[in-house]
Amino acid sequence: MSAKHRLFTGGRASAPLLLKPFACLVAILTASIALSIPLSAAVTFTASEVASGDSSTLGIVAGDFNNDGILDLVTTNAFTLSYYQGLGGGQYAAPVNMSLPFYQTQVVAADLNGDGKLDLITVGGINAGMRVLLGNGDGTFTLDDHTGINTGGYSPVFVFLADFNGDHIPDIAFSVCDYEDTCETQVFLGTGDGTFKQSATLTYGGGAIVAGDFNGDGHQDIAVLTNTQVVVYLGEGNGQFQSPLILIPNGQPTYLTVGDFYDDRIQSLAVLNGVYESSTQSFTYYVNTVQYVDGQLVGTTPQRVSKLSTGGIAAGDLTGNFKDDLVVTGGGEAGFTGYMLGRGNGTFDGLTSAPAYADFETSPFVRDLNLDSRHDIGAVWDISGENTSGGAFVLLNDSAKPNCDPPPANNLGVNICAPTDGEIVDPTYTFRAAGNAFDGIAKRMELWIDGQKVGQDLEDQLKITTTVTKGSHTAAFVAVDSFDNYTTSTINFAAR
């Protein structure tokens, strides 16, 4: 089976297939393209790519790694880690590379030791293990072997960062497997100084892993895939988790992502499933959403996505209508990027193609990369079977309806767009603001008026229409990051 199908196994079963053929490293020139391509649906993009100078690029993360307020990119490649300095406007410098142990397939970022610099964790599965790299604050990193992370005889295959015990310090959830084809999930709590202590071992694992608050109790939960199951562990807020909730999807689950797919301000899952067709000896891919309802997981009817090999899914609001959409990447003989617009009821419009590059895209994410209040797409690209390269791929959103430009990315901050301080407004008014985060993302925006919470949006943008009484009022806008740190910006206004 080609590794590009990424059909992972787990849950006390077979270990995932992670090997992927790649060509020998060759020196190539950094290339870039910039084109604006109109699409049949509501979103258009300007696309650009930057070569890593290495092959088999599979992992990518965005963050402000040099503390200048501009988002940078980092990718993991066959033998190196590439740092692409953000130049502003969604443009990136040619990468600076450092050697990295063989074949790290995923990378995540957070300030692990509390020094105000973003650090990295990379994983590569059975054949390559895991690495922690401490950021130096200038786009360079130093390998750290003193973290206290001990996964026993298991190798991390996937990783996700969240705050599982309510102390606002990044914690780690690893989906792991061993050489005996046994898989599980291991949770490590951060101490704040760059070291970690294991808090939980969960029976199921081996596939993609995410975290979110799926039952709305304020605690972070874990969702992980096996080769046949979607498994959710509800968090208790202290690094411990309840018994697993299990859903058997239609097909073999390959990827999952978190979003507000039901427009109810509660997080749910979107799961990409591969269904093998014996007649064609190939996979067809479907997506369905999964939500927590009355003590169990409930899934929607699967929607067909594509017959192309898939390289991941990501969620975010691409149109500016505050409904979460899906991004799907993959390829075959040519790379593929597409999106499915969310309807706000757990279902999506059909797949629409977006610009792509090379013969395979993977590891997509959605974030406002150029601070224009439109959510962009990032991914990596790869050319297999040739002595060429992989690298970073960016689609800047040209057409979403703007709401409010976010503040710089070197702090957890809020920018208020409406109303202005001291403004006199109509009693029914639309409040608009945006947030940004240094540690992770701004995952939630809240509006409070006169000390009462009016509403929230589960993204870095806020747009809430409400009615207030005549007279003077105080509005507080709150941005919350990935680890539940928050900041508040306050203005005074009056209603006619």
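Predicted model: local features only at pLDDT ≥ 70, side-chain atom pairs only at ≥ 80, totals over all residues.
Trainee: Okay, and what share of the residues is buried?
Mentor: Of the 496 residues in the protein chain, 61% are buried.

Trainee: What part of the contacts comes from residues 24 or more positions apart?
Mentor: They make up 53%, counting contacts in the protein chain with a separation of 6 or more.

Trainee: Let's go inside. Which residues touch the most other members of the largest nonpolar core?
Mentor: That's F164, I222 and L269, in a core of 36 residues. Apart from that one lies another core of 19 residues, including A433, M445, I449 and I491.

Trainee: New topic: charges. How many positive and negative ones are there, and how far apart are their mean positions?
Mentor: The protein chain has 22 positive and 53 negative charges, and their mean positions are 6 Å apart.

Trainee: What kind of peptide bond joins A418 and P419?
Mentor: A cis one, with omega at about 0°. P419 sits in the loop between β33 (413-418) and β34 (424-425).

Trainee: There's another proline I clicked on, P407. Where is P407?
Mentor: P407 is in the loop between β32 (390-397) and β33.

Trainee: Is P407 buried or exposed?
Mentor: Buried: P407 has a relative accessibility of 12%, and the cut-off for buried is under 20%.

Trainee: And what does P407 touch?
Mentor: Leaving out residues up to four places away in sequence, P407 touches L371, G413, V414, N415, A434, G435 and N436. Take N436 from that list: P407 and N436 are 29 residues apart along the chain, and their C-alpha atoms are separated by 5.9 Å.

Trainee: Back to backbone angles. What is phi of N67?
Mentor: Near 60°, which is a positive value in a residue other than glycine. N67 lies in the loop between β3 (59-63) and β4 (72-76), and N67 is partly exposed, with a relative accessible area of 29%.

Trainee: What about R265, what is its phi?
Mentor: For R265, phi is also a positive value near 60°, again in a residue other than glycine. You'll find R265 in the loop between β21 (252-259) and β22 (268-277). R265 is partly exposed, at 29% relative accessible area.

Trainee: Last one: D484. Where is D484?
Mentor: D484 is in the loop between β39 (471-481) and β40 (486-495). With 18% relative accessibility, D484 counts as buried.

Trainee: Which residues are in contact with D484?
Mentor: Setting aside neighbours within four places in sequence, D484 is in contact with D163, H168, K443 and R444.

Trainee: And how far is D484 from D368?
Mentor: D484 and D368 are 20 Å apart in space, C-alpha to C-alpha, and 116 residues apart in sequence.

Conventions:
Residues numbered from 1 in each chain as written. Heavy atoms only, no water. Core = buried A, V, L, I, M, F, W, Y, C linked by side-chain atoms within 4.5 Å. Buried < 20%, exposed > 50% of the residue type's maximum accessible area, 1.4 Å probe, protein only. Contact = heavy atoms within 4.5 Å. Lys, Arg positive; Asp, Glu negative; His and termini not counted. Charge placed at Lys NZ, Arg CZ, Asp CG, Glu CD. Helix = DSSP H or I, 4+ residues; strand = E, 2+ residues; numbered from the N terminus.
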